[in-house]
Amino acid sequence: MTQFQQNDTPLLAAMRHYVKDQVRPFHTPGHKQGKGMHPSLAGILGPDTLALDLALMHELDDLHEPHSCIKAAQDLAAELYGADHSYFVVNGTTGGIYAMILAIAGPGDKILVPRNVHRSIIGGIIIAGAMPVFMQPEVDIELGIAMGVTPSTVADTLQCHPDAKGVVIINPTYYGVAADLKQIVDIVHSYNIPVVVDEAHGPHLKFSSRLPIQALDAGADICAQSTHKILGAMTQCSMVHCQDGYINVPRLKAMLQLVQSTSPNYIMLASLDVARMQMATEGSQLIETAINLAEWTRREINTIPGLYCFGREKLTAPGVYALDPTKLTVTVKGLGFKGAEAERILRSKYNIQAELSDMFNLLFLITIGDSEEDVRHLVDSLRDLATNHFGSRDFAAVQEIDLRYPLTPEQVLSPREALFGNTRKVAFRESVGQVCAEIVTFYPPGIPLLCPGERISRDVADYCRRLQEAGLHISGPEDYTLETIKVVE
């Protein structure tokens, strides 16, 4: 195979060569390079894009058994990120997380996971038939945000469950908080088991010393990154990186085949190839610019009465070892707002869309796609919002809302047993003491409050109601209003 360099895009080059040959395509997809697509969409996407919507064939390689251009593209990603093996994923980091969990655990196996994991990790555990052992993250009561798990929490949990097959860590959290990953890796490896990292929000960490350390550089064995969240790949595009040693690589490859389509979208695959090239050639400069914009924005927001955007002052707090400054968490309770209310006003009046809102916070992401004009508009809009509302709302009522996370409920059955067992529906208000048979998650940020197999506690039920009243969106249960819930017979 031709030796490629980091400024090459072997997959995109192969696709463009195929199109240049003006091949008559008697293969999928049925729109035949856009000729069969309705003009209402074809006119938007354009002929150049649709010509690249190609199918698996010899010269374009096979995602599941790559040997030419896809293999070269993945090998370049591994070289860039310092992995022994890298794999492209086009059904989101969710698919990568499923594969990672299936690679280390099977029915009945224990996996240690922080309670503030994304629901995709619970989904992977259900598919594997494994049993989660939850670790309680540290919580910032002022902000109402779960931070990281501490090394001591990991050590104590492993001491109680030395038969665990692996430990899952979030690096960083949705809000940009990173744990002491190096120390955690050392503790976990002393039990001869792998460290699996959900690094969905960290595909950019490799490219600046001002960011938390990336998982592989901290010694983690495998991680999944959402290349689309911060970098230049298309939505749903992610990568899985792993090291030899604690990971059975042939099994990982088999699990990736299990969870991914046999007809991957080549435009999405090409966007991963190009995003890698972009970061290899310009990444440090692009991330440096994003960090500088974010730090300026944070300083400006903290001059606005009623608003607060946390930063390095939190580094002394439990569970906060490092911070990603490109995540701007703006607390609006000083204006008497709940997060969802402020999000709606920003969208309708100022044409600004936040990444998420929770009980009292808005999260804004500053990425390689933002400009000085963008962040100035954000700051000006937040300043105008504060000017119009500071002191005009019931500040005390908002301050009195209890933001303490409920304790993790008792795990009675494995999530798989509860999900597939005999179930019935009961009124949610009467469900305390019953064993839950569904996932109950509030979006954002997608952290499960109830998992299948857990006994529903009064604290969790009350907390769910508070989040509903705050306007957060419920995901997971069949009854999205949460008037009823499925429980195990």
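These legends go with several close-up views of a predicted model. Local features need pLDDT of at least 70 and side-chain atom pairs count only at pLDDT 80 or more, while totals for chains, interfaces and linings use all residues. Residues are numbered from 1 along each chain as its sequence is written, and side-chain values use heavy atoms, with hydrogens and water left out.

**View A. Ile-287 in helix 11.** Find Ile-287 in helix 11, residues 266-301; helices (H or I, at least four residues) and strands (E, at least two) are DSSP runs, numbered from the N terminus. Ile-287 has a relative accessible area of 1% and is therefore buried (under 20%; exposed is over 50%, partly exposed in between, with a 1.4 Å probe and protein chains only). Beyond its neighbours within four places in sequence, its contacts (heavy atoms within 4.5 Å) include His-204, Phe-207 and Ile-368.

View B. Two bridges join strand 14 to strand 15, residues 361-365, and Ser-357 has Leu-362 as its bridge partner in strand 15.

View C. Look for Thr-326 in the loop between strand 12 (322-323) and strand 13. Thr-326 counts as buried because its relative accessibility is 2%. Leaving aside neighbours within four places in sequence, Thr-326 touches several residues, among them His-204, Ala-290 and Phe-364.

How values were computed. Pairing = 2+ DSSP bridges.
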